[in-house]
There are 2 protein chains.
Amino acid sequence: MSLDTLSAHVGDADDLARILGRALLTSHWLPGDLFPRELDVAAHFGVSRNLVRNALTQLAATGLIVRTAGRGTLVRDLNDWHLLDPRLSEWMSGLVDLNPQLLREIYAFRLSAEPVVTSLAATAASADDLQRIEAAFEGMAKTATSAQKRLEHAEYDVAFHDAVYQASHNLVWRQMEHLLRPSILALVQRSQHSLTALDDSLARHGRIVEAIRRGDGEQAATAARAVLERTAEDLRLAWPGIHSSQKETT
Amino acid sequence: MSLDTLSAHVGDADDLARILGRALLTSHWLPGDLFPRELDVAAHFGVSRNLVRNALTQLAATGLIVRTAGRGTLVRDLNDWHLLDPRLSEWMSGLVDLNPQLLREIYAFRLSAEPVVTSLAATAASADDLQRIEAAFEGMAKTATSAQKRLEHAEYDVAFHDAVYQASHNLVWRQMEHLLRPSILALVQRSQHSLTALDDSLARHGRIVEAIRRGDGEQAATAARAVLERTAEDLRLAWPGIHSSQKETT
DNA sequence: AGTCTATAAAATGTCTGACATTTAGGCTAT
DNA sequence: ATAGCCTAAATGTCAGACATTTTATAGACT
């Protein structure tokens with residue numbers, strides 16, 4: 001594949017990294033392909049080779065590509081992507097044609113992780129944390145009545161789960177907040193929520209709030225599972241094979 | 001703080017990033033401090049400013065520092081570190097004086113996450129996965145008898161848990177393998193394993209193997225918890241507050 | 001014919017120096 | 001005292017040259 005379809009104003013290295021990163025995330029190039037040479041990229045976007053190098057360095061850091069002197073730049077496989085790099089999450093946010101397999105993997109992860117995180121939050125949340133969770137929940141409730149406010153609703157949804165992760169009070173769990181935004185935004189773009197579905201989802205979120213307020217870890221875990229199962233239905237994710245990816249021995 | 005105590009041969013940008021990254025990880029500079037200017041770093045290590053910039057770009061990507069034009073380079077707080085960045089894990093590996101709070105956070109994370117991962121592994125492991133797990137376990141057994149083989153034993157230990165994460169067959173969980181090495185190596189450096197303690201630990205690992213072989217998720221989770229509790233004892237981690245970090249409203 | 005070696009070409013890595021841009025702080029004029 | 005300008009300092013970008021690594025090719029030798 002070539003650079004032809006890509007064009008946008010490139011202000012700095014971050015801009016270029018985002019443009020190329022999103023192209024890679026949407027399979028504009030396929031794993032194993034040879035990525036265009038630095039000088040070609042520089043010529044196409046009208047920037048210096050130096051800036052291109054800075055951008056490609058970022059792409060390499062996220063595992064999207066691998067560069068070796070003399071050989072060139074190779075596009076890497078999904079299995080090698082650093083899904084937990086915040087930059088990757090940022091690039092994924094708002095992409096309409098995100099790799100479906102990737103979406104499934106992220107949901108499978110959340111399905112297994114979020115009950116634990118929510119349980120932790122129930123036992124570790126401070127008054128401050130609880131307040132943030134409740135505020136986000138109220139925002140969700142306020143925006144659940146109209147189909148026009150789907151995007152605003154999604155933002156509150158992100159804030160809600162983010163607040164839960166923060167409330168776990170663990171540095172590692174808190175880093176995974178970044179995975180929430182792309183995965184929740186994808187929900188908005190792919191599913192046509194009926195209002196009754198939104199209502200059901202809201203009720204399930206409410207049970208998380210209650211459990212955390214009572215400090216009941218068991219209940220919190222159960223409630224978190226209920227929310228994610230609802231989400232999976234809305235996304236129509238194939239349930240049985242959700243946590244399987246191709247096997248390899250590397 | 002200054003660069004004075006740092007000196008080593010710098011071959012490329014990765015070398016320099018590792019040296020500076022480790023210095024930051026061991027609190028050679030404190031959060032909020034102004035990091036030395038690019039030209040000073042370049043002069044000290046006898047390399048070009050360009051190479052320094054490449055190294056600092058990596059440090060910024062891991063959240064260790066933040067750079068703003070005109071202002072300079074600031075050292076960031078532990079809360080902002082991207083603990084899931086593989087490079088950070090690599091820099092952490094082998095550090096003897098790793099921040100104790102950081103170690104506690106990583107262990108708290110593993111204590112909550114690993115039961116889930118192990119349970120997933122029990123239901124998703126292929127024959128290949130199981131074979132790798134068993135091979136690592138046998139390596140652990142073989143090296144558990146002598147105090148001289150602690151390092152070799154640790155490597156098998158890493159391989160064991162790594163294989164379990166891989167067996168979960170989830171792209172996100174598999175990324176967290178990187179956290180294992182520093183956290184297991186820290187165990188070797190800090191605790192003086194008695195041989196009976198090693199024997200106990202080995203037995204607990206064995207129960208994980210059995211559970212996965214039987215495909216019993218519940219048992220696998222329980223066995224994983226047992227292993228980590230043993231580990232915590234060996235590390236003498238303060239148990240009650242293990243999953244608490246300072247609260248903040250960011 | 002086949003294999004090993006030397007050479008050349010192509011791509012990424014590094015160095016150097018200059019200029020651009022952003023930030024902070026001080027200085028002046030009102 | 002304050003608004004505005006000016007300057008110094010630090011990071012960001014550009015340009016061109018050279019270094020290093022990898023791959024492919026042509027040639028010599030067996």
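The model is predicted. In chain A, an open sheet of 3 strands is ordered β1-β3-β2, and in chain B 3 strands form an open sheet in the order β1-β3-β2.

**Sheet of chain A**

- The strands of the open sheet in chain A pair in antiparallel fashion, in the order β1-β3-β2. The edges are formed by β1 (34-35) and β2 (65-68) of chain A, each of which pairs on one side only.
- Strand β3 (residues 72-75) of chain A runs antiparallel to β2(A), and 4 bridges join the two. Within this part of the sheet, Thr68(A) lies opposite Gly72(A) of β3(A).
- Helix α3 (residues 49-61) of chain A packs on the sheet, where it touches β1 and β2 of chain A. The direction of this helix makes about 120° with that of β2(A).

**Sheet of chain B**

- The open sheet of chain B has 3 strands with antiparallel pairing, and their order is β1-β3-β2. Because β1 (34-35) and β2 (65-68) of chain B stand at the edges with a single partner strand each, one side of each is left without a neighbour in the sheet.
- β2(B) is joined by 4 bridges to strand β3 (residues 72-75) of chain B, and the two run antiparallel. Val66(B) has Leu74(B) as its bridge partner in β3(B).

- Chain B contributes 39 residues to the contact, and chain A contributes 39 residues.
- The size of an interface is often expressed as the accessible area lost when the parts come together.

**The side of chain B that touches chain A**

- Four helices of chain B, namely α3 (49-61), α4 (86-92), α5 (100-124) and α8 (171-175), each supply at least two residues of the side that touches chain A.
- α5(B) provides the largest share of this side, with 8 residues.
- By residue class, the side of chain B that touches chain A consists of 17 nonpolar, 15 polar and 7 charged residues.

Note on methods
Residues are numbered from 1 along each chain as its sequence is written. Chains are lettered from A and ligands numbered from 1 in the order in which they are written. This is a predicted model: local features need pLDDT of at least 70, side-chain atom pairs count only at pLDDT 80 or more; totals for chains, interfaces and linings use all residues. Side-chain values use heavy atoms; hydrogens and water are left out. Two strands pair if DSSP finds at least two bridges between them. Contact means heavy atoms within 4.5 Å. Axes are lines fitted to C-alpha atoms, for helices over the stretch in contact, and angles run from 0 to 180 degrees between N-to-C directions. Ala, Val, Leu, Ile, Met, Phe, Trp, Tyr, Cys and Pro count as nonpolar, Asp, Glu, Lys and Arg as charged, and the others, Gly among them, as polar.
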